[in-house]
Structures are given as C-alpha cells and as structure tokens.
Amino acid sequence: MATQQDNLAVLEAERTRVEPPKLYKVLLLNDDYTPMDFVILVLQRFFSMDHERATQIMLKVHNEGRGLCGIYPRDIAATKVEQVSAFALQHQHPLACVMEEN
C-alpha cells in the first residue's frame, strides 16, 4: 500500500514545465500601388493603432520596405495576416501582410 509520502513524490515527478508560446511578428510589406491612407486604415482597424502611430508605421513600410504591426502568439498572428490580406484583396490592393517567428 502506497503511503501519502509516495503519492506526493509521484505528483511532483509528473509536473512538467510549460514553455511560453512562441511569438510571431506581423509585418506589412511595401508595394508601389497600395495608397498610404489605406495602410493607415489597416493599422488602425486591425492593430488598434491611433492615427499618429499608424502613420509612423506606414512611413516605415514606405521607406524601409516593411514595418512591424505587432508581436503575437502564432494563432493570433495568423488570424491578423488572414484578416489584413482578405481586406486588402476586397479593396483590390496588393498589400502584403506576413508573419515570421520572433
């Protein structure tokens, strides 16, 4: 018959260390066709940025070729990419939104 001491040892041995989820960057990529105002709208609508912050990120995309929209767990990042891509397509803009491991 197992003692209470034996049961505690088994419980402690079964504990596993849970790793935090990997995070992913969501990025917008520059193109020569998507209007700057549309990029600002996307940043405000899908990433909850105010107009000033959205303008800063839009200029970074325009000048450097890409801009960071946010860092999220994989499922949320993938959803953001899908939402932005569908919204851009719906409005006939080639705006590319991608995710990469942080």
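Phe47 is in contact (heavy atoms within 4.5 Å) with Val26, Val42, Cys69, Tyr72, Lys80 and Val84, once its neighbours within four places in sequence are left aside. This is a predicted model, in which local features need pLDDT of at least 70 and side-chain atom pairs count only at pLDDT 80 or more, whereas totals for chains, interfaces and linings use all residues. Residues are numbered from 1 along each chain as its sequence is written, and side-chain values use heavy atoms, with hydrogens and water left out.

**Lys80**

- Lys80 has its place in helix H4, where helices (H or I, at least four residues) and strands (E, at least two) are DSSP runs numbered from the N terminus.
- With a relative accessible area of 18%, Lys80 is buried, a term that means under 20% relative accessible area, with exposed over 50% and partly exposed in between (1.4 Å probe, protein chains only).
- Not counting residues up to four places away in sequence, Lys80 touches Val26, Phe46, Phe47 and Tyr72.
- The C-alpha atoms of Lys80 and Val26 are separated by 7.6 Å, although these residues are 54 residues apart along the chain.

**Packing of H2 and H3**

- Helix H2 (residues 36-47) packs with helix H3 (residues 51-64) at an angle of about 125°, the axes being 9 Å apart; axes are lines fitted to C-alpha atoms, for helices over the stretch in contact, and angles run from 0 to 180 degrees between N-to-C directions.
- That makes H2 oblique to H3, given that angles under 35 degrees count as roughly parallel, over 145 as roughly antiparallel, 65 to 115 as roughly perpendicular and the rest as oblique.
- On the H2 side, Met36, Val39, Ile40, Leu43 and Gln44 meet His51, Ala54, Thr55, Ile57, Met58 and His62 in H3.

**Overall fold**

- The chain comprises 4 helices and 3 strands, which run α-β-α-α-β-α-β from the N terminus on.
- Of the 102 residues of the chain, 29% count as buried.
- Among contacts in the chain with a separation of 6 or more, 73% are accounted for by residues 24 or more positions apart.
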